[in-house]
Amino acid sequence: MINKVKYPSSLEKLALSSMFFLFLSSSISLAMPQNKTIIPVNVGVVLDDHIHSRAQKIWLSCIKMALIDFYASNAHYKTRVVLKVRDSKRNVVHAAAAALDLIKNEKVRAIIGPVTTMETSFVINLGNEAHVPIISFSSTSPSLTSIRSSYFFQFAQNDSIQVKVISSIVKAFGWRQVVPIYIDTAYGEAIIPYLTDALDEVGARVPYRSVISPSATDDQIEKELYKLMTMQTRVFLVHMTTSLCSRVLYKAKAIGMMSEGYVWIMTSGITNRLRMMDDFSFLNSMDGVLGVQTYVPKTKDLHQQFIPRWHLQFLKDTPANSFSANLDVFALWAYDAAHALAIAIEEVTWSTSNIDFQKSHTAPNNSTDLESLAVSQYGPKLCKALSTTRFNGIAGDFRLVDRQLQSSTFQIVNINGGATRTIGFWTPQNGLRKKLGSSVNTGKGSISNGNLGPIIWPGDSLSVPKGWEIPTNGKKLRIAVPQKVGFTEFVKITKDPSTNITDVSGFSIDVFEAALEILPYALPYEFIPFAKPDGTTAGNNNDLCYQVSIGNFDAIVGDTTITANRSLFVDFTMPYTEAGIVMVVPVRDSNRKSAWAFLKPWRWDLWFTTACFFLFIGFVVWVLEHRINKHFRGPPSHQVGTSIWFSFSTMVFAQTERVVSNWARVVMIIWIFVLLVLTINYTASLTSLYTVQNLQPTVTDIDDLLKKGEKVGHVRNYVRDMLKQKGFDDSNLKRFTTVEEIDDALSKGSANGGVAGVFDETPNLKLFLAKYCNKYTMVGPFFRTDGFAFAFPKGSPFLQDVSQAVLNVTGGEKIMNIENKWFKKESSCQDLTTPNINSNGLGVDSFWVLFLIVAGASILALIIFVVSFIYRHKGIWSSEASIWCRIQNMLTIFNEKDLSYHTFNINEKEDEVTALPNSSPESSVHQNLNQGNSNSVSSGSGEKQAGPTDQGSP
C-alpha cells in the first residue's frame, strides 16, 4: 500500500477551527499593506484541467502556499506576485493560446507551466519571442533543453540523469539486454538516446524498442506484449505516463508477464507520481516492480511543518477529498519554483524602474497575431536573477546550472502489496548503495547487487532473474557451421542421400555440445551449414560473422578465429583452442653432418677450463713432489714434460708416476673424482649425439625467409594479410586447403615449386603434425591471435553462460578426450612439437662447483706447503742478506732433495755425508749467511746435513 498521511479526529477538529484563521492570514499576507507602496507583478500559471484534476489542484495549492509563506516571512517586500491561472485543457493548441493570452493581455512577467513536454516546448518558443521566462516544474524531458532557449528554466530533475541509475541496476544484476517500453510522444522518445548510450557503457544493449501510442487500444497493447513474450529478453523498462502505464501493466499481468523470471523497471516519471495515486488495483498489478524515484530529504521543515500546514490549507480549498491526497515531488518542485520566482521578482523590481512591455510598431493590431507580441523589458533581468537564486527548498537544495535544477540523488524502490519499499540509493559519486552516504566500496566501478537491499521480484520470487528466457513458443537457435574442404576434423558436414539428413560432427561440434551439457537449462538448437545449394561454401568466416550480425543466424560453431574485424559484428565466447600463428617446416638431423661432432658435448668454455686445470694440477703436484719424489726431478724439460704427462694421463687414469706427499694425494683424489664426473657426462652426451637423431627445423626465423626470398604457404586469408604486412611479396605466398597439399609443397621445397614453410593457426598445424610428425616440426608463434571461439550476436544473453561453460570444458579432462578423439597421432609419432634436444653442449656453469672445490683444495695445499717450507728455513729468511738473495737461497734449497724424507735411502745419505762432510751447498749457504755457525740451519729446521752428492738435481 502507498504510505498515506492519516490524521486523528482531533486534527480534523483543529482543521475546522483553523480554516477561518488560515483564510484570514493568507488574505492579509497577499494583501497590500496600508503604509507602503506595493507593486503587483502578474505571473501566469498554465495547468491541465486544474478544476477537476486532483494532481493539478495539489500543484496549484502548493504554488499559492509558497507565495503565502514567502510574503508572510517577508512582509516588508514591495512586490506581490499576482497569479493568473489558465487551463490548457490537455491540448497543445490550448496551452499555446493560454500562454499567448497571458503574455499579450495579462502582461505576465513569467509563466509557470505548462505540464507536458509537448505543451512546454511550444510555449518555450512564445516565451523566447516575448522575453518572458517559462518555468517548468513537471516537464523532465531532456528534449526541452535541446531548444536552448535562455528563457526556459527546468525546475525539475532531467530524465537524462536517471539513465545512469538504470544502467547501474542493469550492471549490478548482470543483465545484457533491456527492452524499453515507452510512449510514442516527445517525452517518451527523448530519453532513448541517453538510455542506449548508458547501457552500452555497461555492456548491455537494446535489442528492440516497444513504442506504444497514447491512444492505443487494449487489443493493440496486448498484441505488443505478446510480441515481447516471444523474444528472449525479460528485462523491460517502462517510460510513459501513469495512465498508460496502468493499462500496460494490467494487460501484462493478465497474460502472465508479471510472473517469475520477468524484470520490470519504472522510470521516475511513474514512481514519482505513485504517492498521488489511489488506484489500488493498479498498484497491486505492480508487484515485484523496481522503480527509480527522486530522493527528497526527510527534513523537519517538510514533514513536521509544511505537510501538516498544506493539508489544512488543502482541506479548506477542497474539503471533499483532501484527506486522500498526498504530495509528490512535483508538488514540492512547484512550491520551490514559486518561492524562487518571488525572490527573483523582488530583486529585479528593486533595481528596475521600467517593467513594461515594448510594443511592436510594425505589427498589425491583432491580438491573436504572433507578430504583435510585445517584448518584455523585464524578462532578461528576471532570467539573470533566477539563474543566481539559491536557497534550501522543501525538496532539497535549490541550485540552478544552465537553468536546470541540480538534483541528482535517486532512491531505488521495490513495489509489493501496493506499497513502495526503499532498497537502495544512487548518487553520481558513490553509485548504488544500500544506505545514503555509505562510503564502503566507494566508486562506480564496484557495482554489484550486494549494494541493494533484498528484492521481491515478480511472482513473489526471491531469486534474481537472469534477464532472458527461451520462449516456450520460440524457435530453435539457428547455429551456422562453415562448409569446409580441408581440415574437416574441426567441422565435418555429411549428408545421407537416401534420407536427406545432414549430419554435423567434428572437434568444434563436440566442444560446443559439451559446453551446452554444463548449462543449467536446455538450449534447443539446430546446425545449419553455411553452404550453397550445390554443397559448396557460401563464404568465409568473415561473411558468416556478418550474417549473424544481421540476424540470419543466432550463432557460429566452427574453427572461427577471434579477430578485431569480426568482433565489430559479433561477440565471441572464451577461446577453446590454443592461440597464435605458427609455422611448420621440414626437419633435418644436425648431428651426423659434422666431422667435429666429438667437440659438441662440451662448450668451448668447459674445454678451455678443463685444459687450464690440467696444467694447474700438474703444477701443484710438481711443487708438492719435487723435493721428495724422484719422478719429478731431473732436467727442467724432463720435469715439465713429466708434470704435464702426469696431469693429462689422469684423464684416462693411466698415470705411472707415484705421488708420495699426503697433500698431493688429497689434491689427486679430488681431481680424479672431478675427472670421473666430467668423463661420464662427456661419454653420455657424445653417445646420444652419435646414436640419437637430433631433428632440427630447417628454418627458425621468419626474417631468414624474407632475406632469402623463400616461398611460404598459408591456410587462412587473414594469415596472408599478416604475412604481407610482415614484408612477404604476394608472389611468394601460396594458399592451401588440405593437409595433403601442405605435405606435398613442403616436401618439394621452395626451390622446386613448393614452399619453405607454412603459416597458420596452432590448432590447424597441430592437426597436420599429427599425421606428419616425423617429417616436420612446429616453430613459433610469430603472430599473436586469440584462438578459436564460438560467435553470438552482439549483446546475446547466452554469451556469458556459454563462455563460462567453455572454460569448464577446456579446464578439465573432457577437452583432452575430445582432442584424442579427433587429433589422433600416428603410431610412430611421439610428440607434436619440436624435439627438445640441447645441441649447445655442457658448459662451466654445469660444473663450476666441482672446479671450485678442486681449485680450493689445490691452493690450500700450496699455501700449507709454502708456509711450512718457509718456517723450516726461517733462518735463511731472517738473515741480513738482500731480499733477492734470500729468495734465491730459498729457491736453491727448494731445488734440492729433501733427504730427511723417508722416501730416500738412509744409507745413501750417510755415505754422502761421510765422503764430503764439509762441502754441502746447504752447509756452505748456512756458513756464509751465519758467519761460520754451520749448525744453525740444522738446529732451526730439524734436518740433517746434506752430503756432497746433493748438489743440484740429479
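P114 sits in the loop that runs between β3 (111-112) and α4, where helices (H or I, at least four residues) and strands (E, at least two) are DSSP runs, numbered from the N terminus. The peptide bond that leads from G113 into P114 is cis, with omega near -5°. This is a predicted model, in which local features need pLDDT of at least 70 and side-chain atom pairs count only at pLDDT 80 or more, while totals for chains, interfaces and linings use all residues. Residues are numbered from 1 along each chain as its sequence is written, and side-chain values use heavy atoms, with hydrogens and water left out.

**Backbone geometry in loops and turns**

Most residues other than glycine have a negative phi, and most peptide bonds are trans. R148, in the loop between β4 (134-136) and β5 (152-154), has a positive phi of about 55° although it is not a glycine. D460, in the loop between β19 and β20 (477-482), likewise has a positive phi, near 55°.

| Residue | Relative accessibility | Class |
|---|---|---|
| R148 | 71% | exposed |
| D460 | 60% | exposed |
| V401 | 36% | partly exposed |
| S136 | 0% | buried |

V401 belongs to strand β15 (residues 400-401), and the C-alpha atoms of V401 and S387, 14 residues apart along the chain, are separated by 7.5 Å.

**Sheets and strand pairing**

Eight strands make up an open sheet with mixed pairing, in the order β7-β6-β8-β9-β10-β17-β18-β19; two strands pair if DSSP finds at least two bridges between them. At the edges of this sheet are β7 (210-212) and β19 (431-433), each of which pairs on one side only. Neighbouring strands of the sheet are turned by 25° against each other on average, direction ignored, where axes are lines fitted to C-alpha atoms, for helices over the stretch in contact, and angles run from 0 to 180 degrees between N-to-C directions. Within the sheet, strand β8 (residues 235-239) and strand β9 (residues 263-266) run parallel and are joined by four bridges, with V238 standing opposite M266 in β9.

A second open sheet, of five strands with mixed pairing, has the order β23-β20-β24-β32-β25. Its edge strands, β23 (525-530) and β25 (570-572), each have a single partner strand, so one side of each is left without a neighbour in the sheet. The twist from one strand to the next averages 35°. Two bridges join β20 to strand β24 (residues 555-561), and these strands run parallel; the bridge partner of A480 in β24 is I556.

β21 and β22 form a hairpin with four residues between them, and N500 in the turn has a positive phi of about 60°. Strands β21 (residues 492-496) and β22 (residues 501-505) run antiparallel and are joined by five bridges, one of which pairs K492 with S505.

**A kinked helix**

Helix α12 (residues 300-317) has 18 residues and reaches 25 Å from its first C-alpha to its last, close to the 26 Å expected at 1.5 Å a residue, where the expected span is 1.5 Å times one less than the number of residues. A kink of about 35° lies at F306, shortly before the proline P308; the bend at a residue is the angle between axes fitted to the seven residues ending there and the seven starting there. The buried residues of α12 include L302, F306, I307, W310 and H311.

**The largest pocket**

The largest pocket holds about 980 Å³ of space, with a pocket defined on a 1 Å grid over the protein atoms alone as an open set of points where a 1.4 Å probe fits, with protein on both sides within 12 Å along at least five of seven lines, and lining residues having an atom within 4 Å of a point. Of the 32 residues that line this pocket, R90, V115, T116, T241 and R273 are the closest to its centre. Helices α2 (54-73), α4 (117-130) and α9 (242-254) each supply at least two residues of the lining.

Note on methods. Buried means under 20% relative accessible area, exposed over 50%, partly exposed in between (1.4 Å probe, protein chains only). Grid points are joined across faces, edges and corners, and a volume is the space filled by probe spheres set on the points.
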